[in-house]
Each structure stands twice: as structure tokens, then as C-alpha cells.
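Hi,

Here is the structure I promised to pass on to you. Have a look at it first, and then read my notes below.

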Amino acid sequence: MSNSDFYIQNMIEASLEQEDFSQIIILLDSLPSKNIRRALYLLSEIFPNKIEITENEFKFIKYILSNNKFIVVQSISDFLRAISILNFNDLQKQEIADLIFQNLNILSKNCDFELNVLITKLIEPNKFFMQVEIIKNNLDDYSRKYLLDFILYEKEYLENGFNEDEIKGFIKFLGYPR
């Protein structure tokens, strides 16, 4: 680990101990863009350190997921993996799901399995296609492919909310958009 990594890790750990997320945000915002990937990875190794989160921790998660400089880096998948262990309440689940789907065109380029795990944890199967319906006109090729792969790999999850014909119809839509 480099000196820079030790510094970032120590700052994150000290801020987490004090539950001072504003200091972590200041640190992350002050980093050059070339260091964001590594910093997000280091953060994901430390945070979260529990299953139940405070409102400040939730706001911090939303900050990361709504900021392009974080969601475009490859290590966003580490962050998604890390937060997938959390117990979100229903409102938090909806807010995180909305952020994921608003940014699906970006997230689908760097995440697959981690994004699948988080989506299946956040969204009830019968609400999955409704979530996609909201963004269907803004899907790029990456996100369409991601969603097709999601349906393939998470078919059992979807079958808890949809019948085979509905799933096939959705596959047809994703494969041949109008």
C-alpha cells in the first residue's frame, strides 16, 4: 500500500469513528480524479462496518451513488458489494433503487454481479419491470445488455413476480426497442 493509500485509509477510518461523513466527502472531493478509483476501493474495504445504518450514513451512500465522479470508476462495484449487506428500510430501498436506475447507463458498464445482488435486495420482483419502465426510453446498449443478462441470471428472482410470458415480452422489448 502506498503512502497515499495509508493517508486516505487513516482519514476515512478516523472520520468513520467520529461518524463525520462531511470529512470523508471533503477528502474525496479534494482528490485528483486519478485517485478516486483507489479511494473508493479503500472506502469499500472499511465502510460499512455494520448492518444497520444511521441517517448520516444513508445520506453518504446517496452522495456516492449520485455523484458521477464515483459511479464512473471501476471500483464502484466494490462499493455496491459493500453496501449490499446493509438493512435498508423501505424508503431507503426506493431511494437507492431510484439512484441505481437513474444511473444504470453508467453503472452497467462497470458492474454486473454486484449490481444484480443489490437490485434483488432492494426491489421486490413485481416492481422490477416498473422501475425499468420509468427509464426505458433512456437505455443505452450497455444497460440493455445488462438488463438482458440480469433477466437471464436472475430469472428465479423475477419468476416470483412475473409469469413466463411477461418475462419473454420484456426480453423482446429489450432486444428490439421501439
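Let's begin with E19, which is partly exposed, with a relative accessible area of 39%. Please keep in mind that this is a predicted model. You will find E19 in the loop between α1 (3-17) and α2 (21-30). Its backbone deserves a look: E19 is not a glycine, yet its phi is positive, at about 50°.

There is also a cis peptide bond, running from F47 to P48, with omega near -5°. P48 sits in the loop between α3 (33-46) and α4 (55-65). For background, most residues other than glycine have a negative phi, and most peptide bonds are trans.

Next, the inside. The largest nonpolar core has 59 residues, and the members touching the most others are I61, I64, I76, F79, F101 and F128. As a general point, nonpolar side chains in soluble globular proteins tend to be buried together.

Which residues does I64 contact, leaving aside its neighbours within four places in sequence? They are L28, L40, L43, F70, I71, I76 and F79.

Two of those names, I76 and F79, are buried residues of α6. This helix covers residues 76-83 and is mostly covered, with seven of its eight residues buried. Besides I76 and F79, the buried ones are S77, D78, L80, A82 and I83. What lies over them? The cover includes α3, α4, α5 (68-71), α8 (104-110) and α9 (113-122).

Enjoy exploring, and write back with any questions!

Best wishes

Note on methods: Residues are numbered from 1 along each chain as its sequence is written. This is a predicted model: local features need pLDDT of at least 70, side-chain atom pairs count only at pLDDT 80 or more; totals for chains, interfaces and linings use all residues. Side-chain values use heavy atoms; hydrogens and water are left out. A nonpolar core is a set of buried Ala, Val, Leu, Ile, Met, Phe, Trp, Tyr and Cys residues joined through side-chain atoms within 4.5 Å. Buried means under 20% relative accessible area, exposed over 50%, partly exposed in between (1.4 Å probe, protein chains only). Contact means heavy atoms within 4.5 Å. Helices (H or I, at least four residues) and strands (E, at least two) are DSSP runs, numbered from the N terminus.
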